[in-house]
Amino acid sequence: MMNHPFGSTRTVVAARHALIAPDGHVPSAFPGWVNATAYVMLSPAMGADLTQILAVFAPGGSANMAADGHEHAIYVESGACGVELPDGMVALTATGFIFIPSETSFRLRCDVDTRITIFRKIFDPHPDLGAPPMVHGHASGVPGEPFLGNPRALLQTLLPIDPRYDLAMNIFTYQPGAALPFVETHIMEHGLLMLEGGGIYRLEDNFYPVQAGDAIWMAPYCPQWFAAIGDAPASYLYYKDIHRIP
Ligand code: UGY
Ligand code: MN
């Protein structure tokens with residue numbers, strides 16, 4: 001039976017935004033990754049300042065991540081994962097997250113089937129502030145706040161609101177029909193993973209249907225808007241660079 005999409009895909013890679021749909025995923029092979037598959041969703045190769053990797057682990061899988069000046073924010077979509085750091089191990093289950101400061105290399109180890117998203121960025125130090133410390137938790141324990149007063153669009157801010165951190169990792173959850181209140185245009189860049197449900201994402205002048213599993217890149221100043229469509233809530237995980245004067 002033919003199951004190829006006959007030369008079509010929802011994936012779009014433009015100069016200032018991208019939509020990466022799972023139908024086109026091709027894995028990368030990295031040294032130090034065993035029973036673990038990396039899909040590099042976003043990277044400087046497309047013009048982004050961040051790298052966003054989907055890491056899929058089989059039971060017993062592991063992955064070495066060398067820091068090389070990069071900091072990492074990680075989210076466990078499903079499964080469970082041990083994060084081995086120079087001074088100990090952090091155990092994360094589904095909805096778990098961790099921020100790992102730059103200069104800290106680490107190893108991920110999973111005993112069960114696990115899907116993880118890794119945001120990787122070069123740390124931008126502030127002359128008056130120290131380095132941000134490692135922090136971890138579970139999104140299931142982070143309350144959602146109504147976004148600009150809308151209780152049908154809830155924002156969970158996973159990392160501390162502290163200017164030492166030069167990035168944010170958040171989860172937005174929309175009830176069906178809820179939307180961003182206006183088309184945002186801002187200097188902050190986004191990397192995004194659709195976690196559940198679907199809707200319409202406006203990126204620049206284009207309106208894309210999106211669904212769970214899709215990754216999106218929004219360059220600085222990419223006009224953006226989202227509306228949730230369907231019978232169930234839509235949610236997405238996203239990265240944002242913050243707290244530094246350009
Ligand atoms: O934090 C944000 O900029 C967020 N409102 N953007 C987005 O969801 N596209
Ligand atoms: Mn935004």
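**Salt bridges and the domain contact**

Student: Which residue does Arg-164 meet in a salt bridge?

Tutor: The partner of Arg-164 is Asp-162, with N and O 2.8 Å apart. A salt bridge here is a side-chain nitrogen of Lys or Arg within 4 Å of a carboxyl oxygen of Asp or Glu. The model is predicted, so local features need pLDDT of at least 70 and side-chain atom pairs pLDDT 80 or more, while totals for chains, interfaces and linings use all residues. Residues are numbered from 1 along each chain as its sequence is written, and side-chain values use heavy atoms, with hydrogens and water left out.

Student: Is Asp-162 buried or exposed?

Tutor: Asp-162 is buried, at 15% relative accessible area. Arg-164 is partly exposed, at 29%. Buried means under 20% relative accessible area, exposed over 50%, and partly exposed in between (1.4 Å probe, protein chains only).

Student: How many salt bridges does the rule count?

Tutor: The count is eight. One of them joins Asp-214 and Arg-10, at 2.8 Å from N to O. Asp-214 lies in the loop between strand E17 (206–211) and strand E18 (215–218), and Arg-10 in the segment before strand E1 (12–13), so this pair ties together parts 204 residues apart in sequence. Strands are DSSP runs of E of at least two residues, numbered from the N terminus. Asp-214 is buried at 0% relative accessibility, whereas Arg-10 is partly exposed at 26%.

Student: Changing topic, what are the domains?

Tutor: The chain is divided into domain 1 (27–139) and domain 2 (142–241), with bounds from an automatic or database domain assignment. Their C-alpha centres lie 21 Å apart.

Student: What area is buried between domain 1 and domain 2?

Tutor: About 2300 Å², of which carbon and sulfur atoms give 73%. Buried area is the accessible area (1.4 Å probe) that two parts lose on being put together, summed over both.

Student: How many salt bridges cross that interface?

Tutor: The rule finds one across the interface of domain 1 and domain 2. Separately, Asp-166 and Lys-121 form a salt bridge, their closest N and O atoms being 2.6 Å apart. A network of salt bridges links Glu-71, Lys-121 and Asp-166.

Key
Chains lettered and ligands numbered in written order. Helix = DSSP H or I, 4+ residues; strand = E, 2+ residues; numbered from the N terminus.
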